[in-house]
Amino acid sequence: MAQAAKELKEANKLAAAALKSGVGEGELMGKVEEILSSIETWPTQCRPNVSPDEKAVSGFCLGLVNVLGGIGLAVSKVSTQSPELTKLVAEFVRKTVPRTNGEPFPFSSIQVNFCYAAKKHVDGNNIGPSYICSLGEHTGGKLWVADTFVAGDDGVLRGGGGETTVDCHRGWRLFNGNATHYTLPFSGLRISIIAFTHSSYNKCSADVASDLRKLGFTAGNDGGTELPYFLSFRLDKTELEGDALDSYYDLKNQRTSKEPPSKVGSIVVECNGYTAGRGAGFITFATGKDAKRAKIDAFVTTTTTKNPARRCNDAKKTPLPFDLPKEKNNVSRKDVVATFDPDLGVVRLDLPRNRTGFWLAELERTASTVKLHSLERFDVYKDTNSQTKALTKFVDKLPDGRVVVMGITDTAMAASRPLGKPVYDALRKLGAPEQIEPIGYRQPFGLIGIKGSNPGDAILVLEKTKIIVHLEARAEKLKDDDDATTKGSNNNKTALVDKKRELVDITSHILECKKDNDAGKENDEPPASASKKKRKAAD
């Protein structure tokens with residue numbers, strides 16, 4: 001380590017001289033490569049998540065790092081000891097990384113790797129995109145990534161571009177470090193530089209933020225302010241508690257009490273992720289009233305028209321228990337509450353909170369009703385590989401025309417184990433679009449689709465963590481003379497019509513409740529005991 005420190009000191013002197021003499025933008029890459037290539041003995045880092053053999057790897061991080069042992073966010077030791085080298089590399093990033101929508105790429109940190117091929121991994125502490133450039137005389141060494149960013153019509157970068165191989169030799173390339181990636185084999189001298197932003201960049205101390213700016217980093221503040229560049233990438237993973245949690249339960253109860261659509265074939269899925277009350281969700285589908293019930297209702301309507309007293313006695317019937325089909329996947333669906341409302345002809349499946357993975361209901365739209373063939377939970381969070389296989393096998397075996405409803409009541413995936421391509425391929429077989437933004441940790445997700453339908457025919461939503469997603473559609477059985485393709489189906493004689501989506505911002509609701517309370521509506525605030533009862537009931 002003494003030799004590594006000595007060589008870094010020499011590299012720092014070279015960088016100081018370069019900065020003093022002035023380096024043109026077109027010369028920066030060559031100068032950085034020259035100085036870094038002069039280092040023969042490199043510092044090492046303990047990075048078991050990227051090390052090909054789990055041993056220490058050669059490299060260092062410049063700028064903002066999280067130091068263990070209770071120290072927290074700080075400027076890295078290498079940056080402190082080699083400030084001129086840090087300034088030169090930061091200038092290289094700042095002046096040569098491509099702009100996005102005319103805006104410079106903000107970064108708080110730079111990882112420099114020396115001559116090792118990182119194994120398959122996910123960068124757990126980043127927010128937003130990263131940029132990579134490899135220097136030195138080498139062949140190979142491209143970067144494989146499981147997903148790429150694509151700019152939407154609004155100019156915002158989003159995932160969903162699919163896997164690709166990135167050639168980053170002597171050129172900056174954008175990549176998604178929060179998706180699985182690894183370095184392909186190479187020969188020769190390969191020094192990779194990765195510019196990124198630490199997810200806690202806006203939680204630095206004032207001194208650290210000031211030091212970062214002096215070194216040339218463009219992301220780092222102590223006020224919690226989010227840079228506009230990262231607004232679409234920030235996922236709030238904190239859990240609601242106290243009055244905020246009570247406000248969420250009030251909102252949830254309001255929505256639960258709403259009457260679902262009852263026209264035969266109508267389908268609803270509503271859910272939210274773990275950060276709000278540890279998740280929640282339900283599925284409803286309208287089967288229509290059975291013939292006996294329809295006759296009774298018709299008789300009661302006729303005979304009570306002129307009898308108000310009898311109309312009062314004709315109160316809404318209590319929902320009846322509904323028998324679920326036998327489980328096919330070997331994952332518990334314990335605590336699902338299934339009921340049938342005879343007045344509406346609607347089946348309701350209340351899904352228990354804090355259950356990881358996907359919930360999936362398989363429905364068949366017949367000429368007169370809707371039948372539930374399966375209700376499964378595919379726990380791709382707990383057992384990613386085997387449950388991914390189970391999900392894809394299940395979807396493959398579905399006959400064309402089957403309606404599939406999916407949702408979550410916690411999180412679909414683990415923070416360190418992104419869902420693989422087979423999951424998204426399965427969703428596309430249900431009518432999801434070709435470009436699907438990767439499902440993130442604790443993000444609410446909902447889908448109503450049809451097996452064998454065209455890409456994009458399904459209604460699908462993936463949203464921020466504290467959002468309730470609500471999807472509606474009606475499965476329509478087409479007549480023989482209907483053109484299935486014009487109604488968004490792939491010749492399977494079932495189509496989704498009347499598609500609707502609603503996104504309910506839980507945070508906005510909480511802030512509105514707080515605003516009302518602050519305005520003096522003390523009577524609206526439940527006593528502490530009532531709050532505790534509400535939370536206990538939810539448990």
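View 1. At 33% relative accessibility, arginine 170 counts as partly exposed (buried means under 20% relative accessible area, exposed over 50%, partly exposed in between, with a 1.4 Å probe and protein chains only). Glutamate 137 is exposed, at 58%. The two form a salt bridge, with their closest N and O atoms 2.9 Å apart (a salt bridge is a side-chain nitrogen of Lys or Arg within 4 Å of a carboxyl oxygen of Asp or Glu). The model is predicted: local features need pLDDT of at least 70 and side-chain atom pairs pLDDT 80 or more, while totals for chains, interfaces and linings use all residues. Residues are numbered from 1 along each chain as its sequence is written, and side-chain values use heavy atoms, leaving out hydrogens and water.

**View 2. The salt bridge of arginine 348 and aspartate 350.** The N to O distance between these side chains is 3.0 Å. Arginine 348 is buried, with a relative accessible area of 14%, whereas aspartate 350 is partly exposed at 26%.

**View 3. Lysine 119 and glutamate 54.** Their side chains meet in a salt bridge of 3.8 Å, N to O. Lysine 119 is partly exposed, at 27% relative accessible area; glutamate 54 is exposed, at 60% relative accessibility.

**View 4. A network of salt bridges.** Lys328, Glu362, Glu364 and Arg402 are linked in this network. The structure holds 22 salt bridges.
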